[in-house]
Amino acid sequence: MEGEEGSQEPQLVLADKLFLLRQPDVTDIDKVRYKDEVFTYVKNNDMLPLYETLVAQSVLDSDPALLDSMRVKIDDELKKIDEKIADAEENLGESEVREAHLAKSLFFIRIGDKAKALEHLKVTESKTVAIGQKMDLVFHTLQLGFFDMDFDLISKSIDKAKSLFEEGGDWERKNRLKVYEGLYCMSTRNFEKASSLFLDSISTFTTYELFPYDTFIFYTVLTSIISLDRVSLKQKVVDAPEILTVIGKVPHLSEFLNSLYDCQYKSFFSAFAGLTEQIKLDRYLLPHFRYYMREVRTVVYSQYLESYKSVTIEAMAKAFGVTVDFIDVELSRFIAAGKLHCKIDKVAGVLETNRPDAKNALYQATIKQGDFLLNRIQKLSRVIDL
């Protein structure tokens, strides 16, 4: 199941196509092409469980003859695999027995039978001694989890992998796990941790089975922009040679990153509009589309306002290339949500910033916690007196 260098795992490519088939933003012509490609892959790999599911969901058309053909092929293949396992257990060593069981696990992965695949991966693990080989089995499990976004399975597998690394393990697999965990964090809206894990893996990236390197850079830049402060963004992302060599391959990404850092807000909004289409068509990012849009706008508005004690709404609208009414409505929402520290003087048409004083906030928090502690002590003393 492990992709070769530079190539994505075919079943994860299949998952992407199945996702795109269900998206309203995808053109009908592309959907016809994706449907044909999905059907061809399912047919060629005898993916009976998935085919039955897709037929039930009206994604693919039912073909009884194909169903019967798949069942016969699967039964024949399983019979051969079981014979190899029996032969290995009777005549060969432990290594050959493990390989035979692994072949059965990979067969169930290939046909898309998740339950049986997980069951036989456990059997294979019981026959495995080497930490590295156990880690490879965890990676297979993680790929199964990412196929249908089973976050519970992914979370447990990541924890299992970390416990295995406490017993040993090589750096190459440890670095690969960082990318898996980063993708999990990004998929569950923990963008800050995802950014940290992705940035740690930039120079050692080998996880081509999940996605190509340019997609990895796309995720790294997107998560970093809403997670890092301006200085860290410059050091770790804007000037990173690994990112500079690839960023031009992703449409709008270079302009999106550099216009934010260079305070070219009109160009930033233009690039951001182009990137939103890519985010909408990404199965890991789409569930967080509205959240990400809000966070990016919070970052860019905060950066603009940081330079001013007060600024006219008209000047800000001009800087972003939008109307005054748009900026007025936008900022009102963010101020009400506590995302921006400023107030709007509608009469004068001016924005006044009121940056929170960190020392004062800490002082107020200390007093509040102190009052709470004194109240608890008084209540406790009354109980003791009784």
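At what angle do helix 16 and helix 18 pack, and how far apart are their axes? I looked this up in a predicted model, where local features need pLDDT of at least 70, side-chain atom pairs count only at pLDDT 80 or more, and totals for chains, interfaces and linings use all residues. Residues are numbered from 1 along each chain as its sequence is written, and side-chain values use heavy atoms, with hydrogens and water left out.

**Entry 1: two helices**

I found that helix 16 (residues 289–305) and helix 18 (residues 324–336) pack at about 105 degrees, with axes 11 Å apart. That makes helix 16 roughly perpendicular to helix 18 (65 to 115 degrees counts as roughly perpendicular). My helices are DSSP runs (H or I, at least four residues), numbered from the N terminus. Axes are lines fitted to C-alpha atoms over the stretch in contact, and angles run from 0 to 180 degrees between N-to-C directions.

Next I checked who meets whom, with contact meaning heavy atoms within 4.5 Å. Arg-294, Arg-297, Thr-298 and Tyr-301 in helix 16 meet Phe-326, Ile-327, Glu-330, Leu-331 and Phe-334 in helix 18. I sorted the residues of this contact into five nonpolar, one polar and three charged. Here Ala, Val, Leu, Ile, Met, Phe, Trp, Tyr, Cys and Pro count as nonpolar, Asp, Glu, Lys and Arg as charged, and the others, Gly among them, as polar.

**Entry 2: helix 16 again**

Notes
Angles under 35 degrees count as roughly parallel, over 145 as roughly antiparallel, 65 to 115 as roughly perpendicular and the rest as oblique.
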